[in-house]
Amino acid sequence: MTTTLFTPYTIRQHTIANRLWVAPMCQYSADDNGMPTAWHQVHYGQFATGGAGLIMVEATAVTPEGRITPSDLGIWDDAHITAFTPITQFLTDHGATPAIQLAHAGRKASTWPPTTGNSGTIPPTQGGWETLAPSALPFGSESGVPEADQYATPRAMTEDDITSVIANFVAAATRAIAAGFQVLEVHAAHGYLLHEFLSPLTNTRTDQWGGDITNRSRLAVNIVAAIRERHPEVPLFVRISATDWVDGGYTLDDATITSQLLRDAGADLIDVSTGGNVARAPIPAAPGYQIPHAEHIARNANIAVSGVGMITDPHQADSYIREGRVDAIMVARHMMRDPHFALRAADTLGQDVHWPAQYSRAQGFPA
Ligand SMILES: Cc1cc2nc3c(=O)[nH]c(=O)nc-3n(C[C@H](O)[C@H](O)[C@H](O)COP(=O)(O)O)c2cc1C
């Protein structure tokens with residue numbers, strides 16, 4: 001039987017209702033302690049009533065200093081468990097899989113929320129904090145951005161810092177499961193901490209955490225292995241940036257090796273994105289432009305993948321699945337434009353999706 005966009009997808013013991021998923025999107029709407037607010041309840045809830053199979057809650061920091069901005073979600077404290085539970089409960093009640101992206105922003109932490117209209121590092125006098133990275137290289141320095149426009153210089157992590165961050169990810173994973181999340185994703189993309197370790201442009205270490213691709217992958221791999229050891233059954237994704245889009249950066253070949261190592265450490269699916277580590281990198285964004293990267297990783301690392309990036313059309317999304325290029329589709333911005341995109345896509349494609357009983361009188365879109 002042909003696999004389509006609305007064919008269920010089973011990973012370990014968990015079945016996801018379909019393959020049209022909501023990509024993680026920071027909302028910069030948490031309180032000062034990383035707690036979700038009413039915004040998150042409504043924002044994520046709307047995608048569940050809209051038929052999405054899996055909803056990936058935005059980058060959620062495993063430590064306070066791992067937040068991109070002071071308005072990011074966090075999961076570094078047990079108090080976060082009870083705060084997230086109503087969200088996961090609502091999503092589960094309406095047939096969607098609640099998932100969460102566990103994150104540490106590394107040298108891209110302590111920045112202004114874009115919703116404030118500011119950008120760049122928040123100075124310590126205005127509530128900013130010291131950032132951590134594999135090497136003491138500020139964001140922007142890798143691509144010759146004028147010093148005034150670079151982010152703050154991070155502190156190079158010690159062996160103890162690295163040991164702590166692995167433990168922080170595992171503790172965050174345990175809390176996320178306690179809060180009702182059924183899928184976890186480790187954020188190793190977009191120039192945040194784990195990507196900084198993966199890329200030779202941002203990792204100039206000469207110890208076991210730097211150098212060849214096995215060493216540069218070690219932090220992400222050890223985090224996945226440690227989560228897998230503690231939680232043998234949890235479906236575990238990793239988001240990576242499959243290229244830095246510049247010469248001398250992290251490449252698709254590197255990403256393929258990292259993906260093999262992540263698979264062997266217990267990852268179930270690679271969520272394939274690109275970029276974010278090099279300021280002002282030339283990114284040839286176009287509809288579906290990251291699908292070839294995902295397909296390459298699926299074929300050569302022999303692991304399930306999701307594809308993301310400028311996917312807005314039901315036929316486009318469905319064809320990537322039917323042709324076996326990716327196992328699932330993630331949609332970000334178009335889901336914010338049309339939170340019921342999955343209901344609309346199923347209608348357009350003539351495929352089955354679960355409509356909320358409350359919406360049954362509206363079922364079917366006008367031609
Ligand atoms: C407002 C916004 C917030 C985002 N936040 C995250 C995030 O928290 N984690 C992440 O991995 N990607 C994040 N992204 C990237 C998206 O998940 C996605 O990969 C990207 O937008 C491309 O998909 P699209 O063309 O469907 O929007 C964000 C994108 C947007 C527009």
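I329 touches L5, R19, L20, W21, G307, I311, A317, Y320 and I321, leaving aside residues up to four places away in sequence, where contact means heavy atoms within 4.5 Å. In the largest nonpolar core, which has 85 residues, L20 and I329 touch the most other members; such a core is a set of buried Ala, Val, Leu, Ile, Met, Phe, Trp, Tyr and Cys residues joined through side-chain atoms within 4.5 Å. Apart from this core lies another, of 15 residues, including I16, A99, L269 and M330.

The model is a predicted one, in which local features need pLDDT of at least 70 and side-chain atom pairs count only at pLDDT 80 or more, while totals for chains, interfaces and linings use all residues. Residues are numbered from 1 along each chain as its sequence is written, and side-chain values use heavy atoms, with hydrogens and water left out.

For the protein chain as a whole, the radius of gyration, taken over C-alpha atoms, is 20 Å, which agrees with the value near 21 Å that a compact globule of 367 residues would have; the globule rule is 2.2 Å times the number of residues to the power 0.38. The C-alpha trace spans about 60 × 40 × 40 Å along its principal axes. Among contacts between residues at least 6 apart in sequence, 71% join residues at least 24 apart.

Methods: Buried means under 20% relative accessible area, exposed over 50%, partly exposed in between (1.4 Å probe, protein chains only).
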